[in-house]
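Please examine the sequence and the model shown here before reading on.

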Amino acid sequence: MTQRIDFQVDPSAYRHWTVSYDGPVANLTMDVDEDAGLFDGYKLKLNSYDLGVDIELADIVQRMRFEHPEVKVVVLRSGKDRVFCAGANIRMLGGAEHSHKVNFCKFTNETRNTFEAAEADSGQKYIAAVKGSCAGGGYELALACNHIMLTDDSSSAVALPEAPLLAVLPGTGGLTRVTDKRKVRRDLADVFCSTEEGVRGKRAKEWGLVDEVIANSKFDATVAERAAEFAAASEKPDVAQGIALTPLQRSFGEDGSLRYSAVDVAVDRDARKVTVTLHGPEDAAPADMDTFTAQGADAYLLRLARELDDAILHLRNNEKELGLLVFRTQGDPEHFLAHEALLLQNAGHWLANEVLAYWKRVLKRIDVTSRSIVALVEHGSCFAGLLAELLWAADRSYMMEDAFEGDNRPIATITMSDANFGPLPMGNDLTRLETRFLGDPSAVEKAFENKGMMLEAEAADEFGLVTMILDDIDWEDEIRIFMEERASFSPDALTGMEANLRFAGPETMETRIFGRLTAWQNWIFIRANAVGPDGALQSYGTGKRGDYNMERV
């Protein structure tokens, strides 16, 4: 699997999904083309999916919010007879590199989180209309919806059969949503996750695995009725027209570098690092939201979010040996904050709300990216407002102190805004500052008192906003030593260490999903019981069970 994976897709070229719109209700149909796998060597039978299927789904969910804000209810259904979705394709998993399996699981969970949060963030409620077998990742698709409707017939059931059949976890999100979201009793969840054929009919409703069970003869009519009810009860304001998410403009260099309009990605393979530089806006902030809306996908803060998101996904999946991610910014912080202020002051406007919610998702994606992250606050930088969140998403941050010889850029500063105190929480439901100062809430209060101030190095250090401040004498040596040391450590140890340290504080369903993915699923995917020559993933479909090492670890 050496081909470059592209997360930018054209809706006219979808192979696996169709969408139709009927006023406030959208019908999203999964009809996977079994011959259109992302890689060779497997067929996507029975509405099973690979990363390519999920890339299309993620694109649809994103466009639903920006291009079709009139939608209040989305009905997710299958286009195949007698099967809703068979989950992740087993042949794909059996032949995939370890890193691809884990990144695939991470992206699918991020996509499910996105439409799971669509009701709270965007007023779009998802209904899963389940007819036929709904197993593994297929049931996880349904679990991420707000409401699950199951037809009552002999072939329709929900199941998480990964443990008995494949010797892996139910995608990590499946187990967590069953207990934390659906509140299924622990012992019943144990029975459910150990039963290959799953649970159907009234028992599925009684156990809390679905919300409704409907006779097959009435199913389609009842789904349409429920969608209309939810749409009528929605408090989402009516929006006549959205904006088009036009293709990103980007270019790849021969060395793997990547350039967008406001984001540069520079690769240093010898040092195993990648430097992502975000550039501040060149144009003045729009005068009002009408002007911002007229700019569409070219509006600076939306364009920057899309470019950063695409860059992160590209690095995760195509540049896995670049273990150190360096964030830089360059630009006028006041200029940047003027663009941000328009959104914050108009958060009730549908598009301002969507752009801020998108930034929340992009920052969360960075939080769970398995790279060592460092932020460099250099002269001429614009770590202000929501861009300052990158400092506290990073594992470490270094800031230039005082003037540097020959450097005529404006002195390095950090400026906090309202964006840093609520609208952009982490997966633990705390802000990054609250997580940073978990043991000292008064530090967050002090930071809030200095909101809007352009803080130079000494003040930033006093308030604990950076790891270290360095003058002209020490800057190059200290940064070089840190980067060389980091590149010498075991990537596995770093992934575990960073994932643990980044999410201090309360446990949530989201932190549990990604914590289990980082540790448990990552570990299971290298165990012979799952992926060895006689493991369950290789034996699946051959008629024989996996040959397990029965030692408990």
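What follows is an explanation of selected features of this structure.

The model is predicted: local features need pLDDT of at least 70 and side-chain atom pairs count only at pLDDT 80 or more, while totals for chains, interfaces and linings use all residues. Residues are numbered from 1 along each chain as its sequence is written, and side-chain values use heavy atoms, with hydrogens and water left out.

The interior is described first. A nonpolar core is here a set of buried Ala, Val, Leu, Ile, Met, Phe, Trp, Tyr and Cys residues joined through side-chain atoms within 4.5 Å; buried means under 20% relative accessible area, exposed over 50%, and partly exposed in between (1.4 Å probe, protein chains only). The largest such core has 87 residues, of which F327, W359 and I366 touch the most other members. Helix α14 (residues 350-367) supplies the largest share of this core, 10 residues. Helices (H or I, at least four residues) and strands (E, at least two) are DSSP runs, numbered from the N terminus. With neighbours within four places in sequence set aside, W359 is in contact (heavy atoms within 4.5 Å) with L301, L304, A305, L308, L386, L387 and L424. A second, separate core comprises 73 residues, including F7, Y49, I55 and A96.

Two residues of one loop deserve attention. H379 lies in the loop between β17 (372-377) and β18 (383-384), and E378 is found in the loop between β17 and β18 as well. H379 is buried, at a relative accessible area of 1%, and E378 is buried at 10%. Not counting residues up to four places away in sequence, H379 touches Q330, M400, D402, A403, F404, D407, R409, P410, I411 and A412. With the neighbours within four places likewise excluded, the contacts of E378 are R328, Q330, M400, R409, A412 and W475.

Strand β5 (residues 83-85) contains V83, which is buried with a relative accessible area of 7%. Beyond four places in sequence, V83 contacts L46, S78, K131, G132 and S133.

Which cysteine sulfur is closest to that of C85? It is that of C134, 7.1 Å away and therefore too far for a bond. The sulfur of C193 also has its closest cysteine sulfur in C134, but at 13 Å, again too far for a bond. With a disulfide defined as a pair of cysteine sulfur atoms within 2.5 Å, the count comes to 0 disulfides.

On the surface, W523, I526 and V553 form a nonpolar patch with about 340 Å² of accessible area together. Patches are made of residues with over 30% relative accessible area and no salt bridge, like charges being joined within 9 Å and nonpolar side chains (Val, Leu, Ile, Met, Phe, Trp, Tyr) within 5 Å; accessible areas come from the Shrake-Rupley method with a 1.4 Å probe, and for residues only the protein chains shown count as cover. I526 itself is exposed, with a relative accessible area of 53%.

Side chains of opposite charge can pair when their charged atoms come close. Where a salt bridge is a side-chain nitrogen of Lys or Arg within 4 Å of a carboxyl oxygen of Asp or Glu, the count comes to 39 salt bridges. One of them joins D367 and R432 at 2.7 Å, N to O. D367 lies in helix α14 and R432 in helix α16 (residues 432-436), so the pair ties together parts that are 65 residues apart in sequence. Both D367 and R432 are buried. In the salt bridge of K43 with D35, the closest N and O atoms are 2.3 Å apart; K43 is partly exposed at 42%, whereas D35 is exposed at 54%.
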